[in-house]
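Trainee: Can you go through this model with me? I would like to start with the charged side chains and then turn to confidence.

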Amino acid sequence: EVETGIMLSGRVVQWHAEADFGFVVAEEAGPNAKQVLVHRSVLAEGRDLAVGEAVVFEAERREGTTGYQATVCLSASAGGAEAQEETQVPRAAPHAEDMADFIVNQDLDMATMDWLTSLDAEVQWHVLENFAASSSSSSSSAPTGGG
């Protein structure tokens with residue numbers, strides 16, 4: 001089984017760039033981990049993944065199957081090497097108010113909240129910005145960025 005409704009840490013086990021999909025597994029799942037389908041459309045960075053790359057993702061059960069698919073998949077390295085400018089100054093962690101608003105608006109459980117606050121600051125921003133973007137039609141309190 002794959003936990004659904006929370007962000008999981010994992011690794012890319014397959015990536016088929018020509019077909020725009022691949023598979024990840026949750027690190028906590030162990031050696032018999034169920035693979036989770038990732039389509040390019042759920043990649044926040046809009047790029048390819050690499051086998052072995054660390055990611056964070058949320059999964060849901062695929063309708064009509066026993067499999068799972070990712071609804072969100074982010075590189076666990078601060079935006080991925082391709083997305084970073086060498087001269088870019090890292091952002092400070094999100095303000096406590098932004099984090100609190102995000103946690104309340106997304107109705108996060110304690111485990112997900114603890115996981116989110118343990119992430120690197122840049123990855124926290126990716127999570128906040130991408131979830132805010134995906135739910136902007138239902139909420140107008142998106143984090144503003146900066147630091």
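Trainee: Is Glu 1 buried or exposed?

Mentor: Glu 1 is exposed, at a relative accessible area of 78%, where buried means under 20%, exposed over 50% and partly exposed in between, with a 1.4 Å probe and protein chains only. Keep in mind that this is a predicted model, in which local features need pLDDT of at least 70 and side-chain atom pairs count only at pLDDT 80 or more, while totals for chains, interfaces and linings use all residues. Residues are numbered from 1 along each chain as its sequence is written, and side-chain values use heavy atoms, with hydrogens and water left out.

Trainee: Which side chain does Glu 1 meet in a salt bridge?

Mentor: That partner is Arg 61, at 3.0 Å from N to O, a salt bridge being a side-chain nitrogen of Lys or Arg within 4 Å of a carboxyl oxygen of Asp or Glu. The two are 60 residues apart and link distant parts of the chain, with Glu 1 in the segment before strand E1 (7–16) and Arg 61 in strand E4 (residues 54–61); strands (E, at least two residues) and helices (H or I, at least four) are DSSP runs numbered from the N terminus. Arg 61 itself is partly exposed, with a relative accessible area of 39%.

Trainee: How many salt bridges are there in the whole structure?

Mentor: The search finds four. One of them joins Arg 40 and Asp 20 at 2.7 Å, N to O. Arg 40 lies in the loop between strand E3 (36–39) and E4, and Asp 20 in the loop between E1 and E2, so this pair ties together parts that are 20 residues apart in sequence.

Trainee: And what does Asp 48 form with Arg 40?

Mentor: Asp 48 forms a salt bridge with Arg 40, with the closest N and O atoms 2.5 Å apart. Through shared partners, Asp 20, Arg 40 and Asp 48 are joined into one network.

Trainee: Changing topic, where is confidence lowest and where is it highest?

Mentor: On pLDDT, the predictor's confidence in each residue from 0 to 100, helix H3 (residues 121–134) is lowest at a mean of 69, and strand E2 (residues 21–26) is highest at 93. The protein averages 76, and 76% of the residues score at least 70.

Trainee: Which residues stay under 50?

Mentor: Residues 79–88 do, and for them the model has ten contacts beyond four places in sequence, contact meaning heavy atoms within 4.5 Å. Residues 137–142 are also below 50, with three contacts beyond near neighbours in sequence. Where pLDDT is low, the predicted coordinates should not be read in detail.
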